Amino acid sequence: MNYSDSMFYVVNEDINVRGNIGVKKKIFAQLRVFGKHFPRCLMVYYAHGMAYLLEDGCVIEKEVALSRVECFKWYCEWMKKYHCRWVYMRCIIPATYSYLLFLREMKEMGICVVLEYPTYPYDDEVKNEDILREDREYRGEIGKYISCVTTYARDTTVYGIHTIALQNGVELQENPVRRMRKRGTNIHLLAVAGFYFYHGFERVLEGLYRYYQHPGVYDFYFYMVGEGAEKRNYIQLVKRYGLERFVEFCGVKTGAELDCYYDNADIGIAPIGLYKMGAVSSAPIKTREYCSRGLPFVYGYEDLGFTGEEAYVRKISNSPDPVDMNEIIGLYEATAENRDIINDMRNNSEKNFSWDILLKDVLEYMKDS
């Protein structure tokens, strides 16, 4: 390894958009791991007609780029200037002709490129038919220039390209273990998310509506922390179902404020709407964050990090069916005031969900290429 060489992390979205807080945290967590193994780690991203080059989170170069073509040109210029030998890149959708040219140029420069697909398959996630049509035209050509991709699904190949199965991880120091609430007749549900359609939280709201038609001994309070495109729909459902007493929209919270919401929670709600994307399996950050904090949780898909049989989870159907609140009551009664459960969750996170462990195969591939 030449110590004048560098590794580039290529991001194809604006990392500073408020709804991308989780994505940004993940990217910088991965970068910290890459920084332990490569002589120099840089990041490039494109936003608002500008291409940016960052090191240690600080902008060191920027250039006007009024199109993707100009953006790719600057990326390549910087890769030459900083002796780039390795690239880890979040995929671009749609794949375009200019994107293929960018991949080809990196290959001609002798750069080892690993392409990450945060979601796969993603056709059901793309609502614009023109974008999807263009992507289908070019994505089959990616394998000419890329020999390895990572994905959070169980697929062994993506468009014929060798796949390294990846899971999302957490930085444990950023996710302290929650304090334990006293057991009572109020069950506090917590969803921390960007409120995208695939989170499926309407299933909880519909479940609450059904529960309160014939309520039991427990009262549910649902704290929805975050912002996103689906928030308006959730607000409308809360009004339609008369759930204003039981649902609170809390906005984006970080740091000590977010810690307080975890301390006040009994059960976390992970994504339960992946059926909308046609996805069967996934490995979202949120289940790892809930696990690291010791918050039992509900999810609705095949999770690469959990069997569904753990004492601190409830795996529900990957469907539009309302959440059966009796399932949540069962999870609450099995975990409330159980310190051993919290310790098991934290230990599982330390053993299986640190980025140092999860990126091991990716690092080995890049170093051997």
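The model is predicted: local features require pLDDT of at least 70, and side-chain atom pairs count only at pLDDT 80 or more, whereas totals for chains, interfaces and linings use all residues. Residues are numbered from 1 along each chain as its sequence is written, and side-chain values use heavy atoms, without hydrogens and water.

Leu189 touches Val204, Met325 and Ile328, among others; contact means heavy atoms within 4.5 Å.

Helix α5 (residues 202-211) is largely enclosed, because seven of its 10 residues are buried. Buried denotes under 20% relative accessible area, exposed over 50%, and partly exposed in between (1.4 Å probe, protein chains only). Helices (H or I, at least four residues) and strands (E, at least two) are DSSP runs, numbered from the N terminus. The cover over the buried residues of α5 includes β10, β11 and α9.

The whole structure contains 26 salt bridges, defined by a side-chain nitrogen of Lys or Arg within 4 Å of a carboxyl oxygen of Asp or Glu. Lys81 pairs with Glu61 at 2.6 Å. Lys81 lies in helix α2 and Glu61 in strand β4, so the bridge ties together parts 20 residues apart in sequence. Glu61 is buried, at 16% relative accessible area.

Note on methods. Lists of a residue's contacts leave out its neighbours within four places in sequence.
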